[in-house]
Amino acid sequence: MAEYNARKVVSDILANRYFTNHGPLARALEQTLEERMGARHAVLVGSLELGLLVALIALRTRQHSRLVYYPGDEDPCLVHVGAFSGLSVHALDTTDSVVQDTDVLFRTLREERGLNCAAVGQGQQQLVVHYPDWSSARPEQGISDGFPEPVLLELPTRHGGAVLLFNSDELAERARNVRSSYGIRKQVPVFVTCNGRYSEAQAGTVLDYLANSLGWS
């Protein structure tokens, strides 16, 4: 797991005099990820599992009833987050099994590749989880306007949480409102909220790693 300077993180938090959630360090990290990843919106969440839950609640419409995935994309959290989102979870045999109106397609990207993953099901509502190798891949290549939204990235430091990347203003704001009242830009109606808050300590560790290990500033 990525290393960071804990003393520097604590010093930054004390200097800002903001000790809870979605403060200046979290806002700085969201801005850094937006700029580096080429997305209009970066929505930080406390963990990868919370990111899955926030994304599914934000994506889901009244027509959606299933969370589906292909062999090789299994994740032990799917049944849990699917149930909380009101979606039944199903494994698919072929790409022809996806029903566009009712299914949310769960995909994972583990290989070192760009985040332009629009080819994995154009027009299909998707949640793509990407596990970049931060030490070597350095995912700075950006995201195309046509990528399936959202992409969920696990952040590099221990307990560093995750980030949802959006180009859609509407979906991003729904995700912020689902996450918690912290960090919203506009209040929009969502059918349920969860405690997906992102702490200043988490933000500080990731910012320190990105600056010192990857040269992001």
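Helices (H or I, at least four residues) and strands (E, at least two) are DSSP runs, numbered from the N terminus. This is a predicted model, in which local features need pLDDT of at least 70, side-chain atom pairs count only at pLDDT 80 or more, and totals for chains, interfaces and linings use all residues. Residues are numbered from 1 along each chain as its sequence is written, and side-chain values use heavy atoms, with hydrogens and water left out.

**View 1. Helix H3, residues 48-59.** From first C-alpha to last, the twelve residues of H3 reach 16 Å, close to the 16 Å expected at 1.5 Å a residue (1.5 Å times one less than the number of residues). Ten of the twelve are buried (under 20% relative accessible area, 1.4 Å probe, protein chains only). Among them are Leu-48, Gly-51, Val-54 and Leu-59.

**View 2. The packing of H3 against helix H5, residues 169-179.** The axes (lines fitted to C-alpha atoms over the stretch in contact, with angles from 0 to 180 degrees between N-to-C directions) lie 9 Å apart at an angle of about 125°. H3 contributes Val-54, Ile-57, Ala-58 and Leu-59 to the contact, and H5 contributes Leu-171, Arg-174, Ala-175, Val-178 and Arg-179 (heavy atoms within 4.5 Å).

View 3. Nine of the eleven residues of H5 are buried, so H5 is largely enclosed by the rest of the structure. The buried residues include Glu-173, Arg-176 and Asn-177.

How values were computed:
Buried means under 20% relative accessible area, exposed over 50%, partly exposed in between (1.4 Å probe, protein chains only).
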